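I set out to record what I looked up, entry by entry. The structure comes first and my notes follow.

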Amino acid sequence: MYTQQVGLCKQIVREHYGPIVEAVVAVLAREGRLSLRQLVPRAKQTPRNVRQALAVLIQHGIVTHAMSKEGSLMVTYYSVCLKNILRLQRAGLYLALVEERMGSEGLAVFRTIMASGVSTIGNVCEVLGVAEMGKAAKLKFNAVVAKLVRDRYIIAVNTVDTITKADRIMQAEVSEVEKLTIPPTAKELLAIRRKILEREEEEYQSSNVVGIKRRASADISADHLSKLHMGADGRAVAFSSHGTGEQNGHSHANGEQQQVDSVDDKQFFRAYFDRLDVFLRNQQVVNYFTDKYNAGAGALLKAILRVTEQHTRTCRVKLSETVSSTQIFQHVSPDAPLVDAIDTSKDMFHQKYDASGNPVVEPSSKELSRERRSEIIFALLEVIHTDSSGIVAKVDERGTGQYRVNFERAAITLRERCVDALVHEKFGSVHARLLRVLRDKQKLDEKVVAQATMLPIAACRERLHDLALAGVIDTIEIPRSADRNPSRMFYLWYINSDKQMRSAMRFVYQAMSNVIERGAKEASARALLVAKTRRQDVIADPSLLTDGERKELQNLARIKQRLAVASVRLDSMLLVVYDTDPHSADLQLLQ
Amino acid sequence: MSGSLDKEEQAALMDREIYDLALQQPEGLDADFLKVALPNYPLEVAVNGVNRLLKAGRLELMQVGTRILYRGVHASELERMSGLTGDERLVYKHIENSGNEGIWVRTLKQKTNLLQGVITRCLKGLEQKALIKSIKSVKHPTRKLYMMIDLSPSTDITGGPWYTDQEMDTDFIEQLASQCYKYIYIQSYPRAMPRGVYSANHMAYPKSSVIHRHISENGITNVALSVEHIEELLTMLVYDGKIERLAPAFEMDMGGAGGGRSLGAKPKTDWMYRALRVTDKDSPLTDIPCGRCPVYDRCSDTGAITPSKCEYLKTDTNLNADDASKPTSPSQPKPIGNNSNETDEPSSNRSPKGKLSGGAIGGIVVGLLLAIAAAVVAFIWSRNRRNRRLYHANDFEEFKGFSPDSHTNLIAATTIAGYGGDSGRLYSARDSRGYPSSEISEFDEPAAPPSARVANGSSNRIRSDLSFRHLDES
């Protein structure tokens with residue numbers, strides 16, 4: 001946890017929930033887990049406000065609680081999860097992802113659940129007014145809800161989900177220890193802990209989808225079936241209302257038994273952001289290949305990741321499932337710009353001419369013949385898997401080959417790119433060159449660095465110190481004599497990747513914080529004007545606003561938009577730097 | 001008499017023969033060699049001859065391991081050394097032995113065991129006689145090295161082509177690297193497909209030897225460069241993130257560069273080079289000035305430097321509508337805390353002292369009006385401030401996070417009517433690639449093509465008028 005991170009979280013909470021909740025979060029972030037009695041005086045708020053703030057935060061998964069026995073009392077302690085606060089900045093990205101994959105109906109359901117933190121499907125129905133909708137709309141709604149649950153965009157919430165993970169593990173450990181008649185040895189304790197972690201891992205790996213029921217279908221008319229929405233895997237989906245017991249979705253086609261998914265409307269659901277982070281990370285990988293090669297290569301990566309993402313539950317996965325080139329061929333978007341993506345001609349002067357001497361123009365991507373399309377795709381696949389980053393690997397040479405994405409390599413490549421961009425922006429291209437040399441050659445003396453970067457040694461030394469002050473690189477001492485006299489030591493420069501990542505994250509946190517603070521300042525400077533626009537008389541008659549006021553409102557909207565775009569783009573850097581790394585995702589399992 | 005004359009003539013003849021033999025053997029000759037080369041003379045006679053030549057200074061002794069060798073001294077050298085004292089000769093010999101590497105004065109002192117003053121005097125004398133010269137090494141710029149006047153220093157001393165006057169010529173390096181990069185870029189992508197790439201089995205990417213030929217054949221520089229020098233430049237470009245190395249196909253098949261061979265016989269990989277595509281996307285840090293802010297470390301939410309008061313943020317992100325019309329350079333932002341009201345009035349508007357012209361009276365009237373306007377503004381500002389304080393102190397109800405001006409309302413309208421929005425901001429709900437072009441275009445500055453990035457030749461070591469037209473023509 002960094003000062004800048006806490007500062008940013010405070011800003012975000014203030015923006016989303018207001019100053020009272022911000023005060024509560026600030027105290028919890030600064031001082032760790034606290035009981036309500038400790039929290040109230042520190043937050044300098046009334047107990048009622050603090051309680052309400054905690055309720056809101058628990059509802060949104062930002063605060064967790066745990067009970068602990070202290071003497072004769074049971075005290076509830078509250079802890080804050082900063083990662084979930086930082087995710088609020090990504091709300092727009094998540095919504096866009098859901099809209100892209102689930103359509104506007106999926107977006108509406110997802111937004112309702114996200115806005116209330118935790119919600120039952122019955123509640124979503126009420127909010128969206130499903131009861132008043134037509135039959136077709138209801139069917140569509142049921143289908144999209146089942147799809148959201150099945151694809152784990154939203155997951156069922158258990159009662160233990162709001163309990164702090166570390167406390168849950170400690171309680172499990174205590175209950176295991178209590179089963180023993182004598183105090184456990186260190187070895188036994190270790191075995192108990194391992195067992196608990198394995199159980200957690202097993203729960204995580206479980207493929208069961210809670211909150212969804214799969215039943216054999218009853219008879220259904222062909223006409224009805226045609227209106228029934230079919231899921232991505234060909235299964236019909238439906239929604240069951242427990243209140244009436246009425247089954248809305250049934251399917252039976254040509255005498256074959258179909259399976260129907262129904263969602264429990266009493267079950268609470270929440271948005272599963274860990275899963276959505278996978279899509280964001282995948283988009284970053286696609287962007288990498290699009291930037292390096294072209295949009296055609298990006299489209300290919302998109303197809304590979306689309307095929308694999310069904311099995312990639314969170315960013316903890318290090319290697320994707322294997323995908324055959326035929327599958328890739330089938331999943332590449334028909335609109336993908338493949339025509340000019342790769343030069344597959346045998347000779348350099350491949351431009352073809354017609355009888356009249358005019359150059360032959362290739363058809364558009366949609367009009368490409370199947371053979372030409374496959375030729376381009378297979379050639380692009382070869383280029384992608386021989387890329388120096390090693391993100392895409394060819395695992396099987398049989399047929400046209402099988403491919404797999406190495407997310408660990410992808411995380412490293414994207415992170416390095418991100419740090420390079422940061423150093424390039426902050427210091428310049430020469431500093432970025434120094435950084436790349438050290439990354440490639442590991443530990444180096446400054447003379448060797450100067451030689452490799454073709455810089456005068458004095459200039460090189462100066463720049464190395466700049467980078468060291470920014471926490472991007474570090475020195476290690478190699479003593480020449482046993483007395484470790486500083487004058488008789490070699491000082492080698494190297495990259496301490498943990499430290500480098502920490503300083504990069506601090507920088508991004510601070511920059512995002514600055515943007516949000518500036519946005520708040522700009523808004524508060526025009527608060528009176530905004531308040532005026534909310535008056536009933538102004539809403540009824542917008543002509544009450546003067547030209548100057550309208551211009552100022554437009555200006556405010558423009559400023560907010562720019563700052564928000566800057567903030568989201570910075571957040572994408574943060575996402576790349578830390579959140580999507582399989583190792584950091586592993587570490588966060590216990591949080 | 002005649003017998004003694006004959007003996008002298010015979011000795012002179014033998015001396016001549018030994019001297020000639022010694023001159024023919026620049027590495028030196030030993031007694032065994034003389035025995036074989038002069039079979040007609042007994043060894044004692046030959047040794048006497050060698051002694052005579054050594055005494056005359058026409059031969060000199062050398063020790064190689066345990067062997068004693070004699071080396072012939074050329075007449076010109078003999079003549080040169082004739083005017084030198086013993087110490088000077090000793091110093092001269094050591095300097096001569098150092099070759100084109102030169103010798104440092106302290107090393108000379110250690111080797112000759114002479115006093116510093118004596119060495120200084122000898123060096124001065126030798127320099128005056130134009131026998132030696134002093135040079136400076138790029139590795140140790142403070143050390144003065146001495147070497148023979150007719151030798152040119154080694155590249156270790158001069159630093160090779162990258163150094164001019166013992167200093168690294170970074171300008172020359174940058175320009176030459178730009179030329180290499182431009183050449184590689186042209187060869188890296190198919191001309192008929194600006195957005196296309198070559199297939200994985202394309203083997204016509206330029207190699208260092210090809211780039212070297214291009215540099216030398218086009219006369220880009222008058223400095224003699226080897227392939228190794230070009231490889232140094234290319235390595236620099238690789239570390240600049242502009243190009244990447246590709247292993248030739250047969251080496252890739254062998255399991256990587258040089259794979260499948262014994263370590264001792266590892267051949268040098270003949271890398272191919274491919275330019276990385278110039279992207280028109282900028283870093284997210286370009287949107288805001290924090291990336292290059294000189295006072296970033298002092299910026300916090302309190303104090304004199306805060307994001308709320310930041311002039312850089314205002315200028316760079318073009319937050320102020322009035323500033324939008326002013327072409328303020330991001331690299332030259334206004335100083336922090338600079339008050340725009342403090343700008344000096346143009347001198348032409350000032351009236352002459354002691355006279356009240358019509359303009360001056362007008363100025364007074366305008367001044368009075370401005371004062372009244374300032375008072376009104378101050379009153380409104382104080383009122384706003386009071387209200388703003390109230391706004392900040394608003395209770396929980398005012399901050400529900402459901403901002404009515406949120407763009408999410410647009411989405412709500414397109415999905416299912418009647419659903420209130422949350423604070424998710426969908427106008428930013430795209431990642432950096434997926435922004436609508438209208439939103440992002442204001443942030444993006446199109447990247448300059450490689451041709452624009454090649455600096456004009458300011459160094460006199462490189463052709464500044466070079467164009468790549470001939471490549472296009474070919």
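Entry 1, a helix of chain B. I looked up helix H7 of chain B, residues 116-128; helices (H or I, at least four residues) and strands (E, at least two) are DSSP runs numbered from the N terminus. H7(B) has 13 residues and reaches 18 Å from its first C-alpha to its last, close to the 18 Å expected at 1.5 Å a residue, the expected span being 1.5 Å times one less than the number of residues.

The model is predicted: local features need pLDDT of at least 70 and side-chain atom pairs count only at pLDDT 80 or more, while totals for chains, interfaces and linings use all residues. Residues are numbered from 1 along each chain as its sequence is written, with chains lettered from A and ligands numbered from 1 in the order in which they are written.

I found B:Ile119, B:Cys122, B:Leu123 and B:Leu126 buried (buried: 20 or more other C-beta atoms within 10 Å of the residue's own; exposed: 12 or fewer; partly exposed: in between; C-beta atoms placed from the backbone). Seen down the axis of H7(B), the buried residues fall within an arc of 100°, so they line one face of the helix; the arc is that of the directions from the helix axis to the C-beta atoms. On the other side, B:Gly117, B:Lys124 and B:Gln128 are exposed.

Contact requires C-beta atoms, placed from the backbone, within 7 Å. Just after H7(B), I noted a positive phi of about 60° at B:Ala130.

I took a core as a set of buried Ala, Val, Leu, Ile, Met, Phe, Trp, Tyr and Cys residues joined through C-beta atoms within 7 Å. The largest has 183 residues, and A:Val24, A:Phe110, A:Leu300, A:Ile304, A:Leu380 and B:Cys180 have the most contacts inside it. Helix H6 (residues 91-116) of chain A gives the largest share of this core, 14 residues. Apart from it lies another core of 14 residues, B:Ile119 and B:Cys122 among them.

Not counting residues up to four places away in sequence, A:Leu380 touches A:Gly296, A:Ala297, A:Leu300, A:Ala341 and A:Ile342.

I recorded 24 helices and 17 strands in chain A. Of its 591 residues, 40% are buried.

Note on methods:
Two residues are in contact if their C-beta atoms, placed from the backbone, lie within 7 Å.
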